[in-house]
Every structure is written in C-alpha cells, then in structure tokens.
Protein chains: 2
Amino acid sequence: MTVTLHVCTTCRAGVVLEEDAPRPGAQLHAALSAAEAPEGVQIVGVECLSACSQGAAVALSAPGKWTYVYGRLAPEDAPDILTGAAAYAATTDGLVPWRERPVIFRKQSLARVPPMTLPMEAAE
Amino acid sequence: MTVTLHVCTTCRAGVVLEEDAPRPGAQLHAALSAAEAPEGVQIVGVECLSACSQGAAVALSAPGKWTYVYGRLAPEDAPDILTGAAAYAATTDGLVPWRERPVIFRKQSLARVPPMTLPMEAAE
C-alpha cells in the first residue's frame, strides 16, 4: 500500500524572509522530489502543516497506520527522510522499530496520531 | 460521523516528575473525560502522541478530515478543547473557520496533516 510523505512547501522554518526568497519548505520539497522516491512512497507538497515554528516539516501517513510528523528538517536531510519513509512503508501499522529509525526521526518528532482503525481498547 | 479526540495520557509536559506523581497528560484526560463529550466526539486516551516537549497534547482526527494536533494544554483548557472538537466534528473536511476556533487551537497547533482522501492536486 502506498504511503504519503506530505511536505510543507510554504514553511519559513521560523525565519524572517524576503517575500520572494525561497522558502525552506519549498527547498526541502525540491530536494525530496529530486531524489528517487522509495517504492511505495508518494511525495506530496502541501501548503502549511501548521508546524510553523518547528519547520520545515513533513508528515507520513497511510490508511491503517499511525501518522507521524517531523520537524526542524533541512534539504540535506532528504536522504534520511526517504530512508525513514521506506521503513514506514514496509510496516503494517506505521510503527518502525526504534533502532531502525533515522536519527532525525528519533529526535525530531513533532507528533504522532493513532490510525483511525485502531480499536479503542488498543489505544488505551 | 464521529470524530476522535485522542488525549495523550502519559505526557509529562516537559516537567521532571516523581515516578508516582500524576502525569499532566493523565490529568488532562481526566478533565476531558469528566466533562460531557459533545455530540459526535469520542474521547480516547493514548499512550504517547510523541509531542513530549510540547505537551500535554491532544489530536483530532476522522476519516476524510484534516488531522490536527494541539499542545501546551492544561486541564483548565478542557472546555475550550471540547468546544473546538465540536466545531471540528461539524465540518466535512476538518477545516474550522479561523474565527470560530478557540484561541488555544489558533495559537497552540503543533501540526496538521491532510486527509488521506485528499486528491493530490488539491494538496499542491
């Protein structure tokens, strides 16, 4: 099943920029789009992930899986982001074993949200 | 359609606590559970929303809607959180008009993630 890597394209990453200056979010999106997306991962740009003070930000989601949001990312993180996205795509529930997560995913999680199909008792 | 208000029950909200001290997340969950849930809103406790430094945290999600995560919340925010959850439940896409959002939702968003059903072109 294909997972989606949403990339905030409008993020200023907390930096004051000239109006026509390239946005850090757009630069991250460009770096990710220029790389080869791993199998089962689609990269989708989105205007604002509402993580403005902690950007640039990306989110990983797929039906039936936990959603993860990561922040404080830069274009040079693109290879690690794609490695982490591939590991996420390979799971059934979105939960990648801790040691198999890229360091940026271990240290720069902004939030995670249970899948909508998670039975209530399992979330307790 | 019922929306889910996930509440992190394990959150320490960045505070160093004695092992048996009540967790801020559990206190927020208790305050929300003690109030009457708005129609169409189910409150579900969850262990860790991975927003540890920005907790206590909650997430609003439902099939076909944008997911929202909010942080830096306290038990006294419970009424506003439930008001915001009711407004979210009343939308078709999760996008509540800015002026109708509680102030804590305007100012304490940690992240939002597009619905999985969002067509790619709409997210660009």
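## Report on a predicted two-chain model

At 23% relative accessibility, A31(A) is classed as partly exposed. The model is a predicted one. A31(A) sits in helix α1 of chain A. Leaving out residues up to four places away in sequence, A31(A) touches P75(A) and A78(A). The C-alpha atoms of A31(A) and P79(A) are 8.9 Å apart, although 48 residues separate them along the chain.

P38(A) belongs to the loop that joins α1 (24-34) to β2 (41-46) in chain A. With a relative accessible area of 18%, P38(A) is buried, because buried means under 20%. Beyond its neighbours within four places in sequence, P38(A) has contacts with L82(A) and A86(A). Its C-alpha atom lies 8.9 Å from that of A89(A), a residue 51 places away along the chain.

### The sheet of chain B

Chain B contains an open sheet of five strands in the order β2-β1-β3-β4-β5, and the pairing is mixed. The edge positions are taken by β2 (41-46) and β5 (109-113) of chain B; each has a single partner strand, so one side of each is left without a neighbour in the sheet. From one strand to the next, the twist averages 15°.

Six bridges connect strand β1 (residues 3-8) of chain B with β2(B), and the two strands pair in the parallel sense. Within this part of the sheet, T4(B) has Q42(B) in β2(B) as its bridge partner. Helix α1 (residues 24-34) of chain B lies across β1, β2 and β3 of that chain, and runs at about 145° to β1(B).

S61(B) is part of strand β3 (residues 58-61) of chain B. This serine is buried, with 2% relative accessibility. Not counting residues up to four places away in sequence, S61(B) touches V113(A) and M116(A) from chain A, together with V3(B), T4(B), H6(B), T67(B) and Y88(B) from chain B.

### Where the chains meet

Between chain B and chain A, 28 residues of chain B are in contact with 28 residues of chain A. The size of an interface is often given as the accessible area lost when the parts come together. For chain B and chain A, the buried area is about 2,400 Å², and carbon and sulfur atoms give 62% of it. The number of salt bridges between chain B and chain A is zero.

### Cysteines

A disulfide is a covalent bond between the sulfur atoms of two cysteines. Over all chains, the structure holds zero disulfides. C8(A) is buried, with a relative accessible area of 5%, whereas C52(B) is partly exposed at 47%.

### Accessibility of the residues described

The table sets out the relative accessible area of the residues discussed above.

| Residue | Relative accessible area | Class |
|---|---|---|
| C8(A) | 5% | buried |
| A31(A) | 23% | partly exposed |
| P38(A) | 18% | buried |
| C52(B) | 47% | partly exposed |
| S61(B) | 2% | buried |

Technical notes:
Residues numbered from 1 in each chain as written. Chains lettered and ligands numbered in written order. Predicted model: local features only at pLDDT ≥ 70, side-chain atom pairs only at ≥ 80, totals over all residues. Heavy atoms only, no water. Disulfide = S-S within 2.5 Å. Buried < 20%, exposed > 50% of the residue type's maximum accessible area, 1.4 Å probe, protein only. Helix = DSSP H or I, 4+ residues; strand = E, 2+ residues; numbered from the N terminus. Contact = heavy atoms within 4.5 Å. Pairing = 2+ DSSP bridges. Axes fitted to C-alpha atoms, helices over the stretch in contact; angles between N-to-C directions. Buried area = accessible area lost by both parts, 1.4 Å probe. Salt bridge = Lys/Arg side-chain N within 4 Å of Asp/Glu carboxyl O.
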